[in-house]
2 protein chains.
Amino acid sequence: MTMDPEVGYDAPARVGMPLDEVMTPALVVDLDAFERNVAKMRDHAATMGVALRAHAKTHKSADIARYQMTKGGAIGVCCQKVSEAEALVRGGVGNVLIANEVTEPAKIARLMRLAKQAQVRVCVDDHANVTALSEAASAAELQLEVLVEIDCGAARCGIAPGEPAVALARRVNEAPGLAFVGLQSYHGGAQHIADAAERRATVAESTRKTAETVALLAAAGIPCPVVTGAGTGTFAFEGVSGVYTEIQCGSYIFMDVDYGRIRGADGGGLGFENALFILAAVISHPTATRAVCDAGLKAHSVDSGLPTVYDRSVAGTKTWAGVSYAGASDEHGTLADPESVLAINDRVLLVPGHCDPTCNLHDWFVGVRDGRVECLWPVTARGKLF
Amino acid sequence: MTMDPEVGYDAPARVGMPLDEVMTPALVVDLDAFERNVAKMRDHAATMGVALRAHAKTHKSADIARYQMTKGGAIGVCCQKVSEAEALVRGGVGNVLIANEVTEPAKIARLMRLAKQAQVRVCVDDHANVTALSEAASAAELQLEVLVEIDCGAARCGIAPGEPAVALARRVNEAPGLAFVGLQSYHGGAQHIADAAERRATVAESTRKTAETVALLAAAGIPCPVVTGAGTGTFAFEGVSGVYTEIQCGSYIFMDVDYGRIRGADGGGLGFENALFILAAVISHPTATRAVCDAGLKAHSVDSGLPTVYDRSVAGTKTWAGVSYAGASDEHGTLADPESVLAINDRVLLVPGHCDPTCNLHDWFVGVRDGRVECLWPVTARGKLF
């Protein structure tokens, strides 16, 4: 392996270089698998007759968001923070839903400026927040599109479904500068229920609450053109419910260990492939059965559990029989190597436990195909927390 | 609260602004507490007669590293990766130990260039790695200072103590371009043993193995001027052992929930104050007892458990009776608010579960004193993973 020592000051790789020479640890995308995942979700959405609003909090990349919109059937993206939306808009993404509440005055001011540059929507779950948004939108001479977020069972943000939601929607429509366009109804917890029947039952209940609210809005004469929500774990249920008009899947492009546990109705997986990896290298092999790699807590997030060692080859990578990721410290990953197959400088592909916060740790996606680096995508909105 | 909408495009705050106007979530340093922690460790090291080599992986900030060296008694810093050391050296830090193995050819090449710009040391635990470093150092016409890392019980990197370590030290001294300067002997796991007696016993055993290796080196006629290791949880033991010459404490400057659990011999804490916080704001309060703030998995690391809501005021912040951080999702933190004391846009100071990976999520430290922002320090080596 010959490596160019100039590589890596700004990025872990250069376009065209062999995967073997990428600096480790790096965030690697298997472009073939990624593209198949994107196409598959495009086709699912088309078949179900719902719009796809891809969740950009997964990747935080303007390049990937634009790809989802041009090739992947997405009408736009969603994200969670104003500064995240700003970064995506600056990167050429013209349609962003902030699927979250924006309440601080300085953030509302930024939101208004952003809404002059792109098609931007935001959620509300509070009457005073509606007033604040209305005053800012009026002052900015904007008509801001607003969704009412309901708590359909996830117990996070969202006003209660039913009459409270209807009253808030009416308030939005009466507020100068605002236009009610629909409901945000997302059940985060449901995404991660492994059993298909249990997950289906949970979504049935959240969909029932959502449908009731839609009916009450209709009875109140309040048009509700958009009902948006769902994720990679549940979209197959909301997508055919007749209630949801838009699905917000994000992780389908990459998958991770956590989503790999989720079972479909047939007992198989969700039908998407692992396309995101941490490429790590062995830096120490102090005992016959213990190796240590250079990817720890600062290279991947363990909030949903440890990464796994990928058991298939990507673009020519080696696979390692029996090797598992046994523990993470800040900068190290301990690998169990019961058959002593690894040597120092061997490279291991890890499937991250949870893709979203893992992407947020890195500055670059290294896109690979046929053993070579084909593209480098900046993680545009990395660290955009505001 | 009046906020300047221009704030925050590059940083969450401006020097001089009230803490109340800092964009949330932000990484906030209580400068008074930080400075007391730094002075306290300086005094501990002086009293014990050991050198302090502050661990910069905690903060990844050249500003903080320089402060530790000019005001905090540190002879230099340590860190874990070549790219991290590069960032610190570029930021004016002239003395860096990479307390880790550097094995990839491209990283070794970068290490050699760095060693021409600053006083840089590195660890080894493998004979072939010694050869690789020797060849690179010779080609670069350098005399690289090398420590042999021993596994004193942590079961991560490090060659076995005793004769294997001595043989490796001899190999280093015989290798052109390299100079053996001592032992790296750090027990990471011991830092986090809450009980003082158990922690003391663990360190006694790791110190015994280290002392045996030192004695064998002496018997072999190999000078070993440096024995380095220890951390915030255990330095009081290694520092008075007569074996260690240098301690590598990092977290003492900030503390976190995990270190807050560690008991001293008197049953109290370690004697350092919480100086690092996540400033978060409430964005939703959908039920009487549940609030949601804007700091989730992308604002702090939960690998060592959830953050806690700080129960004291920092620079004029309010405190909140009974409020606790109940759960983290990607961009949200759920707060239990049993007495319904919080309102939307209220600000909450969180003590992160684990300071090191939390700092690595942010671009800026916001240093506050007397209710105002006094400084902004970039997280110089954030994301420097190579």
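This is a predicted model: local features need pLDDT of at least 70, side-chain atom pairs count only at pLDDT 80 or more; totals for chains, interfaces and linings use all residues.
Figure 1. Of the contacts in chain A between residues at least 6 apart in sequence, 67% join residues at least 24 apart. Chain A contains ten helices and 17 strands. Its radius of gyration is 22 Å, close to the 21 Å that the globule rule gives for 386 residues, so chain A is as compact as a globular protein of that length. The C-alpha trace of chain A spans about 70 × 45 × 35 Å along its principal axes. Of the 386 residues in chain A, 60% are buried.

**Figure 2. The side of chain A that touches chain B.** Contacts link 60 residues of chain A with 60 residues of chain B. On chain A, the elements that give two or more residues to this side are strand S4 (95-101), helix H4 (105-115), helix H5 (127-139), strand S10 (276-284), strand S11 (290-293) and helix H10 (355-359). H4(A) provides the largest share, four residues. By residue class, the side of chain A that touches chain B divides into 26 nonpolar, 17 polar and 17 charged residues.

**Figure 3. Helix H6 (residues 163-174) of chain A and its surroundings.** The twelve residues of H6(A) should span 16 Å at 1.5 Å a residue, and the end C-alpha atoms are 16 Å apart, which agrees. Ala165(A), Val166(A), Leu168(A), Ala169(A) and Val172(A) are the buried residues of H6(A). These residues cover an arc of only 165° around the axis, and therefore lie on the same side of H6(A). Glu163(A) and Glu174(A), on the other side of H6(A), are exposed. The cover over the buried residues of H6(A) includes strand S5 (119-124), H5, strand S6 (144-149), strand S7 (178-184) and helix H7 (196-219) of chain A.

**Figure 4. Surroundings of Gln80(B).** Gln80(B) sits in the loop of chain B between strand S3 (74-79) and helix H3 (82-90). It has 27 C-beta neighbours inside 10 Å and therefore counts as buried. Apart from neighbours within four places in sequence, Gln80(B) is in contact with Lys57(B), Ile98(B), Ala99(B) and Asn100(B), and also with Glu331(A) of the other chain. The C-alpha atoms of Gln80(B) and Ala99(B) are separated by 5.5 Å, although the two residues are 19 apart along the chain.

Figure 5. Pro25(A) belongs to the segment before strand S1 (26-30) of chain A. The position of Pro25(B) is in the segment before strand S1 (26-30) of chain B.

**Figure 6. Positive phi at Ala315(A) and Lys60(B).** Ala315(A), a residue other than glycine, has a positive phi near 50°. It is located in the loop between strand S12 (308-309) and strand S13 (324-328) of chain A. With 19 other C-beta atoms within 10 Å, Ala315(A) is partly exposed. Lys60(B) is not a glycine either, and its phi is positive at about 55°. The loop that holds Lys60(B) runs between strand S2 (51-55) and helix H2 (62-70) of chain B. Lys60(B) is buried, having 26 other C-beta atoms within 10 Å.

Note on methods: Residues are numbered from 1 along each chain as its sequence is written. Chains are lettered from A and ligands numbered from 1 in the order in which they are written. A residue is buried if 20 or more other C-beta atoms lie within 10 Å of its own, exposed if 12 or fewer, and partly exposed in between; C-beta atoms are placed from the backbone. Two residues are in contact if their C-beta atoms, placed from the backbone, lie within 7 Å. The radius of gyration is taken over C-alpha atoms; the globule rule is 2.2 Å times the number of residues to the power 0.38. Ala, Val, Leu, Ile, Met, Phe, Trp, Tyr, Cys and Pro count as nonpolar, Asp, Glu, Lys and Arg as charged, and the others, Gly among them, as polar. The expected span of a helix is 1.5 Å times one less than its number of residues. The arc is that of the directions from the helix axis to the C-beta atoms.
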